[in-house]
Amino acid sequence: MGDLFRQRILDTGRLPLFCFFVALIGAFVFTRINVRLIRAKLGWFRNVNIGEMHIHHVVFGVVLTMLGGVSGLIVSGISQSWYAVTAAVFGIGAALVLDEFALILHLHDVYWEEEGRTSVDAVFIAIAITGLLLLGLRPLGWEGSDGTPQGTWVTAGVIVANLALATVTLLKGKIWTGLVGLFVPLLLIPGAIRLARPGSPWAYWFYAPGTRRPAPRKMVGAERREERWRRPAIRAKIAFQEFVSGRHDLPSTRKRSRR
């Protein structure tokens, strides 16, 4: 195990990335345990307040990301060990920020509401992408050039093509396929070709009534596929997320405001 760690992490210069990865996961799990205990009102676990002002942990996250990021820029060329330490600090800060990503997105505290699941999605995406980078994968075939002018042009063409496929896939609402496809481009081909998800920008632009060329059959097909395949996968994902992060079961403020 030690030899594998040395070969895959130390010898490849990925120790800072590994420290970021571990710190990101550890800080997220610790934070979720802490906030679940606060919600359950167990023991001495309480929110951080100054007077009547509640200090969200995203504030501490911003401070730590700045501290870790700037410190990393200073020590990156001096000490690999200290660079790894600053990467870990950055990872802790990133976990605190991403855990309240939904608050930043909605500019409202939706932590335990349905919209709060966006924060968990953001953390899972960050963990997945960092894990792929640790495995040595690079987005869009970035390291595919052989150094010759012809190879450079071929690599540039592949990158542009992959980026275009990824953009179409993401616009079709296939977030995980698009993001993982950045590292495994073969996934982007079916993602870009197959029908978009019903609520995606692509479906809104090209399938929905009122567009220049509405495609009701495609919309019906997309809705059927969503109901048959996507809904069960989403329910499984939500069940796993709630096992890790707690139930987002408070009434949605957005839905209440529409009544």
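Lys41 is exposed in this predicted model, with a relative accessible area of 68%. Here exposed means over 50% relative accessible area, buried under 20%, and partly exposed in between (1.4 Å probe, protein chains only). Lys41 is placed in the loop between α2 and β1 (49-50). Its phi is positive, at about 55 degrees, although Lys41 is not a glycine. Leu107 also has a positive phi, near 50 degrees, in a residue other than glycine. Leu107 is found in the loop between α5 and α6. At 76% relative accessibility, Leu107 counts as exposed.

This is a predicted model, in which local features need pLDDT of at least 70, side-chain atom pairs count only at pLDDT 80 or more, and totals for chains, interfaces and linings use all residues. Residues are numbered from 1 along each chain as its sequence is written, and side-chain values use heavy atoms, with hydrogens and water left out.

The protein chain has 12 helices and two strands. Helices (H or I, at least four residues) and strands (E, at least two) are DSSP runs, numbered from the N terminus. The order of elements from the N terminus is α-α-β-β-α-α-α-α-α-α-α-α-α-α. Along the principal axes, the C-alpha atoms fill a box of roughly 65 × 55 × 30 Å. Of the 259 residues, 36% count as buried. Contact means heavy atoms within 4.5 Å. Among contacts in the protein chain with a separation of 6 or more, 60% involve residues 24 or more positions apart.

The mean pLDDT of the protein chain is 87, and 94% of its residues reach 70 or more. Confidence is highest in helix α4 (residues 80-98), at a mean of 96. It is lowest in helix α12 (residues 253-257), at a mean of 56. Where pLDDT is low, the predicted coordinates should not be read in detail.

Helix α3 (residues 57-75) has 19 residues. From first C-alpha to last it reaches 27 Å, close to the 27 Å expected at 1.5 Å a residue. The expected span is 1.5 Å times one less than the number of residues. The buried residues of α3 are His57, Val58, Gly61, Thr65, Gly68, Gly72 and Val75. They cover an arc of only 130 degrees around the axis, which puts them on the same side of α3. The arc is that of the directions from the helix axis to the C-beta atoms. These buried residues pack against α2, α4 and α5 (101-106). The face turned away from the buried side carries the exposed residues Val63, Met66, Leu73 and Ile74.

A search of the whole structure finds six aromatic pairs. Rings of Phe, Tyr and Trp (its six-membered ring) pair if their centres lie within 6.5 Å; planes under 30 degrees apart count as stacked, over 60 as edge-to-face and the rest as tilted. Phe5 and Phe18 form an edge-to-face pair, 5.2 Å centre to centre, with 75 degrees between the planes. Phe5 lies in helix α1 (residues 2-10) and Phe18 in helix α2 (residues 15-40), so the pair ties together parts that are 13 residues apart in sequence. Phe5 counts as partly exposed, at 31% relative accessibility. Phe18 counts as partly exposed at 26%. Tyr111 and Trp112 form an edge-to-face pair, with 5.0 Å between centres and 80 degrees between the planes. Tyr111 is buried, and so is Trp112. Phe28, Phe124 and Phe240 form one aromatic cluster.

Trp112 also takes part in charge–ring arrangements. The charged end of Arg39 sits over the ring of Trp112, 4.3 Å from its centre. The charged end of Arg32 sits over the ring of Trp112 at 5.7 Å from its centre. A charge sits over a ring if NZ of Lys or CZ of Arg is within 6 Å of the ring centre and within 35 degrees of the ring normal.

Gly116 is found in the loop between α5 and α6 (117-134). At 1% relative accessibility, Gly116 counts as buried. Gly116 touches Ala102, Val110, Tyr111 and His248, not counting residues up to four places away in sequence. The C-alpha atoms of Gly116 and Phe206 are separated by 29 Å, at 90 residues apart along the chain. Val220 lies in helix α11 (residues 216-245). Val220 counts as partly exposed, at 37% relative accessibility. Val220 and Cys19 are 201 residues apart in sequence and 46 Å apart in space, C-alpha to C-alpha.

Conventions: pLDDT = per-residue confidence, 0-100.
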